[in-house]
Amino acid sequence: MTAASRHDRIASLRVEIDALERLGAPRREALAFGDKRIDALLPGGGLALSCWHEFAGAGLDLETCAASAGLVARLVAPLADRGEMVWVLRRDDLHAPGLAGLGLPAERLIQVCARDEAEVMAVMEDALRTPGVAAVVGEADEADLVAGRRLQLACESGAATGFLLRRRPFGGSARARVSASAAATRWRVAPAPSAPTAADDPGLGPARWQLELERCRGGRTGAWIVEAWEEDDAAYPLRLVAELGDRDVATPLRLAG
């Protein structure tokens, strides 16, 4: 057997093992986006709960985390009905009233300021295992495979969902991205221009983000523009504005609670 054929055989076996593991694993509850163009790409039809997910900005957002933090706040807002929300910071710059404006209730939010990335991971693990906690958001530059697997075990132990925001809060050169990851999904987030409001009500429209699903364990990738859904009777906090492939206007997308 040649080296090339041996490599192909090993890759094929890995695919088969992964498929068998997914077949035998219990079906996870998911937070659906409400639009099949996104949900169909995700195992279980949405963002899997009791797992952890990775979000990263681009450019200056890797330092400020503004766009990605805003999007994640909007995503986790439906989970506030299930329990407390813990946000682990590297800098004490989280604006709770701003998160409330995105639908995340301040009375449900617990902020923890960590001294370094190791402490971020430790606090996230503890919070994910704590009864009564529905979601944990942590800010860190990266999570290696060992730290990622520990986060996943903590999610499964406590039935909470984790969100890792990749952030370099004090600047510095970017580190090389590690290709392997224990995250269920990996997303890239960038701000997108808001639509203009009506002429008789001048101002900015709802917040918009360019959202790219870079990696999905057991699923497929894609890219879209989404915006905050601000109708009082909205069932989901986001709606799909356009798919980045053709930019055609799409039907509304909302995130299930």
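Which residue in S10 is the bridge partner of Leu211?

**Before starting.** This is a predicted model, in which local features need pLDDT of at least 70, side-chain atom pairs count only at pLDDT 80 or more, and totals for chains, interfaces and linings use all residues. Residues are numbered from 1 along each chain as its sequence is written, and side-chain values use heavy atoms, with hydrogens and water left out.

**The sheet.** Select the strands (DSSP runs of E, at least two residues, numbered from the N terminus). Nine of them form an open sheet of mixed pairing, in the order S5-S4-S6-S7-S3-S8-S9-S10-S11; two strands pair if DSSP finds at least two bridges between them. At the edges, each pairing on one side only, are S5 (109-113) and S11 (238-243). From one strand to the next the twist averages 25°, with axes fitted as lines to C-alpha atoms, for helices over the stretch in contact, and angles running from 0 to 180 degrees between N-to-C directions.

**S9 and S10.** Select residues 208-216 and 222-228: these antiparallel strands, S9 and S10, are joined by 6 bridges. Here the opening question is settled, as Leu211 has Trp224 for its bridge partner.

Move to S7, where 6 of 6 residues are buried, that is, under 20% relative accessible area with a 1.4 Å probe and protein chains only (exposed is over 50%, partly exposed in between). Thr161, Phe163 and Leu165 point one way, whereas Gly162, Leu164 and Arg166 point the other way. In a regular strand the side chains alternate between the two faces of the sheet.

S3 (residues 52-56) runs parallel to S7 through 5 bridges, with Trp52 partnered by Gly162. S6 is also parallel to S7, joined by 6 bridges, and Val137 stands opposite Phe163. Follow the chain from S6 through helix H7 (residues 145-158) to S7 to trace a right-handed β-α-β crossover: with the strands pointing away from the viewer, the path from the first strand over the helix to the second runs clockwise.

**The cysteines.** Finally, select Cys65 and Cys113. What is the relative accessible area of Cys65? The value is 2%, so Cys65 is buried, whereas Cys113 is partly exposed at 46%. A search of the whole structure finds 0 disulfides, a disulfide being a pair of cysteine sulfur atoms within 2.5 Å.

Notes:
Helix = DSSP H or I, 4+ residues; strand = E, 2+ residues; numbered from the N terminus.
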